[in-house]
Amino acid sequence: MIQISQHRKKCIGCNACVEAAPGRWVISQKDGKSTLVGGSVKKDMYVVNVHDDEWEENSKAAEVCPVRIIRLKTL
Ligand code: SF4
């Protein structure tokens, strides 16, 4: 398992994570920020645990995020 987290408040809605991992990220129609699909809020962070096979595209998402608010770790 891997854990993906996002400091959503700092998102600038650039869409780069959606392009990298379209199954896991979606731009909210409400506020224009990216939402972590399946995520729940923990303190200031949105967090979700997913299968290892999502590592590659989500590490790409983390890499291309211009404000560096996406983190991945193995569980
Ligand atoms: S790449 Fe980063 S700043 Fe851009 S929409 Fe995704 S989370 Fe937000």
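Reply: A nonpolar core is a set of buried Ala, Val, Leu, Ile, Met, Phe, Trp, Tyr and Cys residues joined through C-beta atoms within 7 Å. A residue is buried if 20 or more other C-beta atoms lie within 10 Å of its own, exposed if 12 or fewer, and partly exposed in between, with C-beta atoms placed from the backbone. The model is predicted: local features need pLDDT of at least 70 and side-chain atom pairs count only at pLDDT 80 or more, while totals for chains, interfaces and linings use all residues. Residues are numbered from 1 along each chain as its sequence is written.

Me: Which residues make up the largest nonpolar core?

Reply: That core has 11 residues: Ile 4, Cys 17, Ala 20, Ala 21, Trp 25, Leu 36, Tyr 46, Val 50, Ala 61, Cys 65 and Ile 70. Helix H1 (16-20) and strand E5 (45-50) each supply at least two of its residues; helices (H or I, at least four residues) and strands (E, at least two) are DSSP runs, numbered from the N terminus. In soluble globular proteins, nonpolar side chains tend to be buried together.

Me: Why does Lys 43 count as exposed?

Reply: Lys 43 has 6 C-beta neighbours inside 10 Å, and therefore counts as exposed. Lys 43 is placed in the loop between E4 and E5, and has a positive phi of about 55° although it is not a glycine.

Me: What makes Arg 68 exposed?

Reply: The count for Arg 68 is 10 C-beta neighbours inside 10 Å, so Arg 68 is exposed. Arg 68 lies in the loop between H2 and E6, and its phi is positive, about 55°, although Arg 68 is not a glycine.

Me: Why do strands E4 and E6 stand at the edges?

Reply: Two strands pair if DSSP finds at least two bridges between them. The open sheet has 4 strands in the order E4-E5-E1-E6, with antiparallel pairing. E4 (40-42) and E6 (70-74) each have a single partner strand, so one side of each is left without a neighbour in the sheet.

Me: How do you know that E1 pairs with E6?

Reply: Strand E1 (residues 2-6) is joined to E6 by 5 bridges, and the two run antiparallel. Ser 5 stands opposite Arg 71 in E6.

Me: What divides the shell around the ligand into nonpolar, polar and charged residues?

Reply: Ala, Val, Leu, Ile, Met, Phe, Trp, Tyr, Cys and Pro count as nonpolar, Asp, Glu, Lys and Arg as charged, and the others, Gly among them, as polar. The shell thus has 10 nonpolar, 4 polar and no charged residues.
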